[in-house]
Amino acid sequence: MYRNAKNVGHYMIGKGALSQLGDILKPLRDAGRPGPALFFLDHCFRDGKLAARLPVESGDLLMYVDTSQEPTTESVDGYAARAREFLSGKTPGALLAFGGGSTLDTCKCVGNLLTNPGKAEDYQGWELVKHPAPYKIAVPTLSGTGSETSRTGIICNEAKNLKLGMNSDYTMFDQVLLDPELTAGVPRNQYFYTGIDTYMHCFESLSGSYRNVVVDSLAEKAIDICKRVFLSEDMMSDENRELLMIASFLGGMAAGFVGTVHPISAGLSMVLHMRHGLANCYALSVQEDIYPDEYREFMRMIERQGIDLPKGICRGLSDQQYTALYEASIVHEKPLTNRLGPDFKKILTQENVIERFKRM
Ligand SMILES: [Fe+2]
């Protein structure tokens, strides 16, 4: 069976592009779609300076998304309830997200819940969303996760110890606006941890078994750009910030089937509540046998950019916590099979996986 692949409908790229957001939003507010706009902003913009630059009107809703932890089924249900209450039956003209992967994913998942009954956890999986979501616009302020172009919105289900997205064409944004001025103030470590996510999911997809030429081309280009950015003198120069934004955009389209980095990373996010980008870095740092070339290259990038990755993050954990780390990793059979084949459990035994966590 061939997959009928969908890409983002419209995109705009360029320094200062944010000033054109009002033009994009206007037709969505006019006839046919008279509803208000819902703005989701990362809580790092609480000072109101970004909001002041946005085309927010008096009848709109502006919500700050708490991204101190990754989105959970509970947090998404909470934002969806607030949005529903505010709309009280009206159809929104558009949903807009400003932030990194956590804010973008929250907006994507809330969108699905505005047109589909039930709770966030009902849609964790593949092709479970039945009705199209409202029109959604992504404005990334952090590059790397590829959420702006991917067909998933990742959420942590604490009760089930499961990090899994709403994978659906309806989850995707309809419009992306990339303005590299928005990433100028990101702290260096965070910029690296998140940016390198693109490199990770692209090499994972390229070394896997579910492939096609289009996706491979996108992934190869995104990897080239990441190398150029992270092996350069200054990964945060004006030019590099724009390049990384483009790499993230391409990488999001290429990220369908990851390998063994993302499952181990998911374990860290579930059990230690570690942020995705940083968790990926730790996951790759103990997979020199599975991805030898990428491991070496990644170490060079970290050194070149002077990025911190302190050891000992699993020191002092209980046996129960190590078991939970193993379980929250090994549950991701699709990506693990993608890299290691159907017998992946013969390589990644419980002992083997726990030994890797102990080395982090
Ligand atoms: Fe990722």
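This is a predicted model: local features need pLDDT of at least 70, side-chain atom pairs count only at pLDDT 80 or more; totals for chains, interfaces and linings use all residues.
Local features are reported at pLDDT of at least 70 and side-chain atom pairs only at pLDDT 80 or more, whereas totals for chains, interfaces and linings use all residues. Residues are numbered from 1 along each chain as its sequence is written, and side-chain values use heavy atoms, with hydrogens and water left out.

View 1. Asp197 in helix α5 (residues 188–206) and His262 in helix α8 (residues 261–272) are 65 residues apart, a pair that links distant parts of the chain; helices (H or I, at least four residues) and strands (E, at least two) are DSSP runs numbered from the N terminus. Asp197 counts as buried at 1% relative accessibility, and His262 counts as buried at 14%; buried means under 20% relative accessible area, exposed over 50% and partly exposed in between (1.4 Å probe, protein chains only).

View 2. Thr73 is buried, its relative accessible area being 11%. Neighbours within four places in sequence left aside, Thr73 is in contact with Ala120, Glu121, Gln124, Ile155, Cys156 and Asn157; contact means heavy atoms within 4.5 Å.

**View 3. Helix α5 against helix α10 (residues 292–305).** The axes of the two helices come within 12 Å and cross at roughly 165°; axes are lines fitted to C-alpha atoms, for helices over the stretch in contact, with angles from 0 to 180 degrees between N-to-C directions. That makes α5 roughly antiparallel to α10, the term for angles over 145 degrees. On the α5 side, the residues that meet α10 are Arg188, Phe192, Ile196, Tyr199, Met200 and Phe203. Their partners in α10 are Glu294, Glu297, Phe298, Met301, Ile302 and Gln305.

**View 4. The enclosed helix α9 (residues 276–285).** Of the 10 residues of α9, 9 are buried, so this helix is largely enclosed by the rest of the structure. The buried residues include His276, Cys281, Tyr282 and Leu284.

Methods: Angles under 35 degrees count as roughly parallel, over 145 as roughly antiparallel, 65 to 115 as roughly perpendicular and the rest as oblique.
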